[in-house]
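Good morning, and thank you for making time for this presentation.

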Amino acid sequence: MTSAPANLLAVRNLLLTYLNVDKNAVRSQDLEPAEVGIVGDPNHRGGYHCGSDRVVARDYSVVESPRDSSGLTLHASALDVGMFSVTSGGGTHNLRTFSTWLVSQCVAGAADARDIREVIYSPDGTTVKRWDRLGKRTAGDNSHLFHTHVSFFRDSTKADRDLTPLFRRYLTAIGMIAPVKPETGMEQTDKLINNTGYPDRTVGDVLADLENLRNWLISPVNTTGLVSPPQANSPLQLMLAMARAWPALVAQVTGLSTKDFTDEQQIVTGVLAGLPPEKIAEAIPPQIARDVADELSRRLTA
């Protein structure tokens, strides 16, 4: 007998978990279990809601694609989604917006939508449209004004391929599922845990400063195309200024180290000015004193 495959049951359970807002009451905005179907009723013959025991001759769900003919089993390979409406992330989301989003992903060739063969839906509750990956059909009957039909290539149900990522991505996009943070648990918008003296600094600020510092240090002067300098009041600004000034500072210190700052004559003059004549005379050796006396006598009589 035609049965519901595990991978489509997983999609059904995912949708009911997040779109059946109040599981204890039947309300029009909730997606009720009876509104999410996989296997067609006993009178259903042909199409993706049927397994191999119910397909008909030249069944379009089998013969139009080798992905279907090679994947035919007793599993149904379609999902019907009924009416719902939820408010999340500042907006209202319902069967219409879900259906148009789903088709847009198929049209865009999203990797997690490649197992979808067709979507029969109504974007406005008035007209019925059909997106067909094989380009065979463009319309559907009026029952699709009130539910959206999604066919999956049969090889995806035969292989039990995980079909939930696309629907999980939708629930995340509308804010029903919180996005998963990176394994580090840290985002660039997170503020630094430790006090650095700048309480509003974020992980992104630090990464930007490190990148800027690297570029400025290794790039020649006047290089164009560099990212902006470190942010105002950044501790790295001081480091950057010191790094830039270092060569000139080294040159100045080297020049000063070779300069003789000692003026011996000025030192001698200063010392002698502070001594009385008798102390100067006592400090001069006798022979030098006689030579000085002779020289002074010569100068006075000249």
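First, a word on the source. This is a predicted model, in which local features need pLDDT of at least 70 and side-chain atom pairs count only at pLDDT 80 or more, while totals for chains, interfaces and linings use all residues. Residues are numbered from 1 along each chain as its sequence is written, and side-chain values use heavy atoms, with hydrogens and water left out.

Let us take the overall make-up. The protein chain holds 11 helices and seven strands; helices (H or I, at least four residues) and strands (E, at least two) are DSSP runs, numbered from the N terminus. The chain has 302 residues, and 33% of them count as buried. Buried means under 20% relative accessible area, exposed means over 50%, and partly exposed lies in between, with a 1.4 Å probe and protein chains only. Among contacts between residues at least 6 apart in sequence, 58% join residues at least 24 apart, where contact means heavy atoms within 4.5 Å.

I turn now to helix α1. This helix covers residues 6–19, which is 14 residues, and reaches 20 Å from its first C-alpha to its last, close to the 20 Å expected at 1.5 Å a residue. The expected span is 1.5 Å times one less than the number of residues. Which residues of α1 are buried? They are Asn-7, Leu-8, Val-11, Leu-14, Leu-15, Leu-16 and Leu-19. The partners against which these buried residues pack include the strands β1 (36–37), β2 (78–81), β3 (85–88) and β7 (148–152). Helices α5 (154–158) and α6 (164–173) are also among the partners.

A pair of aromatic rings is described by the distance of the centres and the angle of the planes. Rings of Phe, Tyr and Trp (its six-membered ring) pair if their centres lie within 6.5 Å; planes under 30 degrees apart count as stacked, over 60 as edge-to-face and the rest as tilted. By this rule the model has six aromatic pairs. One of them joins Phe-98 and Tyr-170, an edge-to-face pair at 5.0 Å centre to centre with 65° between the planes. Phe-98 belongs to helix α4 (residues 95–107) and Tyr-170 to helix α6, so this pair ties together parts that are 72 residues apart in sequence. Phe-98 is buried, at 1% relative accessibility, and Tyr-170 is buried too, at 2%.

A tilted pair is formed by Phe-152 and Phe-167, at 6.5 Å centre to centre and 50° between the planes. Since Phe-152 lies in strand β7 and Phe-167 in helix α6, the pair ties together parts that are 15 residues apart in sequence. Phe-152 counts as buried at 2% relative accessibility, and Phe-167 counts as buried at 1%. Together, Phe-84, Phe-98, Trp-101, Phe-152, Phe-167 and Tyr-170 form one aromatic cluster.

Next come two residues of one loop. Asp-112 is in the loop between α4 and β5 (116–121), and Asp-115 is found in that loop as well. Are they buried or exposed? Asp-112 is partly exposed, with a relative accessible area of 28%, whereas Asp-115 is buried, at 15%. Leaving aside neighbours within four places in sequence, Asp-112 is in contact with Pro-165, Leu-166 and Arg-169. With residues up to four places away again not counted, Asp-115 touches Arg-67, Ser-151, Phe-152, Phe-153, Ser-156, Arg-161 and Leu-163.

Two further loop residues concern the backbone. Most residues other than glycine have a negative phi, and most peptide bonds are trans. Arg-58, in the loop between β1 and α2 (60–63), has a positive phi near 55° and counts as exposed at 69% relative accessibility. Asp-160, in the loop between α5 and α6, also has a positive phi near 55° and counts as partly exposed at 45%.

Finally, the largest pocket. A pocket here is an open set of points on a 1 Å grid over the protein atoms alone, where a 1.4 Å probe fits, with protein on both sides within 12 Å along at least five of seven lines; lining residues have an atom within 4 Å of a point. The largest pocket is lined by 15 residues, of which His-44, His-49, Asp-141, His-144 and His-149 lie nearest its centre.
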